[in-house]
Each structure stands twice: as C-alpha cells, then as structure tokens.
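Visitor: Can we go through this one together? I'd like to start with how a helix crossing gets its handedness.

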Amino acid sequence: MQIIINHVAISTRQGDITAWQGDMIVNASNSGLFGGGGVDGAIHRAGGPQIAEACAEIRHKQGGILPGEAAVTNAGNLPFLGIIHTVGPIWKGGAAGEAAILAKCYSSSLEAACRRGAVSVAFPNISTGVYNFPKVLACQTALNSVIEYIKERDSGGLPLKRIEFICYEKDNAQLYEEMLHGFA
Ligand code: ADP
C-alpha cells in the first residue's frame, strides 16, 4: 500500500528493517542508547559494534537522549547512510503525554533524516513492543505525525521522497495497510 503526499511516497510492508533498502533506518532505542532487545537488538546485531561505539560517544557527550528526541550514528556494517535512534514513550495508561511523545519521535526522526539529506527513510513500529503502546493508537499517531510533517513543509525543499513503515508483526502490518487506505 502506498500513498503520495506532497510528492513523498508513504508505504508499508511487513519485514525486518535491517534488510530494508534505502538511505536511513530508525531504531526504537532507549534513553541511554544501550543496545537492547527487539528492533534495537536486531539493528545492533546486524550492524556490528561500531554502532554501539557511536552510541557510547553520544552517551558520554550528552548523557543519552530524551523520549521523543532523535540522534544519528553510523550504520556499522549495514548499508545505510546512518541510523536514527529515537526513544519512544513507555505506555503508562495514556495520561502521561505518551501520544505526543510518540508523535515527536516521528517528526524528530524525519528532521534528522532531512538534515542528513536522506531521500528515503524506514520506521519500525516504535513503542509497540516492550514499551507496550497500544497498536491502533500508535499507528494513527505515526501516520498523522509523518503526514503532518510532510504537509507542513514545502516539498520542493524536502530531500525526502520515500517513507516506509516496516512492520515486523502481522497485526501491525494489517493495521498500517488499513489506515493508509484511509488516507488514499
Ligand atoms: P519498544 O521498546 O519501542 O517497544 P521494541 O523493539 O520492543 O521497541 O518493539 C518495537 C517494534 O519493533 C515492535 O513492533 C516489534 O515487533 C518490532 N521489531 C522487532 N524486531 C524488528 C525488526 N528486526 N525489524 C522491524 N521491526 C522489528
């Protein structure tokens, strides 16, 4: 499923983000930028120790990153221009600003991608693993944030041409398919 907004193609597919082909991928990291489980573990395993070394540098320089923020490292052995590490909110029931923080993860990652001149970027389903964010709300938040980001900018000035949501789990893949249809 693909939609085009302001000359940017937004699509989704089921798969492993480390095997994606494009400029930059986003990692659902943690505030200390320590490699963990889930997609974070998969990216660190596939990319090798160079990514963890770059994360350690960021940690030493600025003490990690806050939920909603993004930081860029090299991609180690992975064939990307870089990895964008963002920290999703831990779901605590919804009254702690979780949706706004999740929306910011997507916009700050796109900001980081544009700063590096990335033409294409892939997102995992941030916070929907161990951080336990409800999947329907996470999907709505992700799509709304990305679409708002693109609409608010002059597409001529945006390097980005392709944004893809890589869903590891079947239920997320179906959700994204359905919700993207709603925007078509
Ligand atoms: P969080 O702590 O932000 O919840 P997780 O890594 O636990 O991060 O989960 C985020 C999402 O990433 C989940 O939907 C999970 O299924 C997915 N995921 C796990 N491994 C991969 C992978 N290799 N590629 C893409 N997505 C993945």
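Guide: A crossing is left-handed if the near helix is turned anticlockwise from the far one by less than a right angle, and right-handed if clockwise. Keep in mind that this is a predicted model.

Visitor: OK. Which hand does the crossing of α4 and α5 have?

Guide: The α4 and α5 crossing is right-handed.

Visitor: At what angle do the axes of α4 and α5 cross?

Guide: Roughly 45°, with the axes of α4 (residues 135-152) and α5 (residues 170-183) coming within 10 Å. That angle makes α4 oblique to α5.

Visitor: Which residues meet there, α4 against α5?

Guide: From α4 there are K135, V136, C139, Q140, L143 and I147. On the α5 side they meet D171, N172, L175, Y176, M179, L180 and F183. The residues of this contact split into 9 nonpolar, 2 polar and 2 charged.

Visitor: Switching to the sheet. What is the strand order?

Guide: It reads β1-β2-β7-β6-β3-β5-β4, an open sheet of 7 strands with mixed pairing.

Visitor: Which strands stand at the edges?

Guide: β1 (2-5) and β4 (70-73). Each has a single partner strand, so one side of each is left without a neighbour in the sheet.

Visitor: And how much are neighbouring strands turned against each other?

Guide: By 25° on average, with direction ignored.

Visitor: What about β7, is it enclosed or open?

Guide: Strand β7 (residues 162-167) is largely enclosed by the rest of the structure, because 5 of its 6 residues are buried.

Visitor: How many bridges join β2 to β7?

Guide: There are 6, and β2 (residues 8-14) runs parallel to β7. In one of these pairings, S11 stands opposite E164 of β7.

Visitor: And β6 with β7, parallel or antiparallel?

Guide: Parallel, over 4 bridges, with β6 spanning residues 120-123. V121 has I163 of β7 as its bridge partner, and F123 has F165 of β7.

Visitor: Which strands does helix α2 touch?

Guide: Helix α2 (residues 49-62) packs on the sheet and touches β4 and β5 (82-86). The direction of α2 makes about 135° with that of β4.

Visitor: Then α3: which strands does it lie across?

Guide: β3 (24-28), β4, β5 and β6. Helix α3 covers residues 98-115 and runs at about 155° to β5.

Definitions and conventions. Residues numbered from 1 in each chain as written. Predicted model: local features only at pLDDT ≥ 70, side-chain atom pairs only at ≥ 80, totals over all residues. Axes fitted to C-alpha atoms, helices over the stretch in contact; angles between N-to-C directions. Helix = DSSP H or I, 4+ residues; strand = E, 2+ residues; numbered from the N terminus. Parallel < 35°, antiparallel > 145°, perpendicular 65-115°, else oblique. Contact = placed C-beta atoms within 7 Å. Nonpolar A, V, L, I, M, F, W, Y, C, P; charged D, E, K, R; others polar. Buried ≥ 20, exposed ≤ 12 C-beta atoms within 10 Å, placed from the backbone. Pairing = 2+ DSSP bridges.
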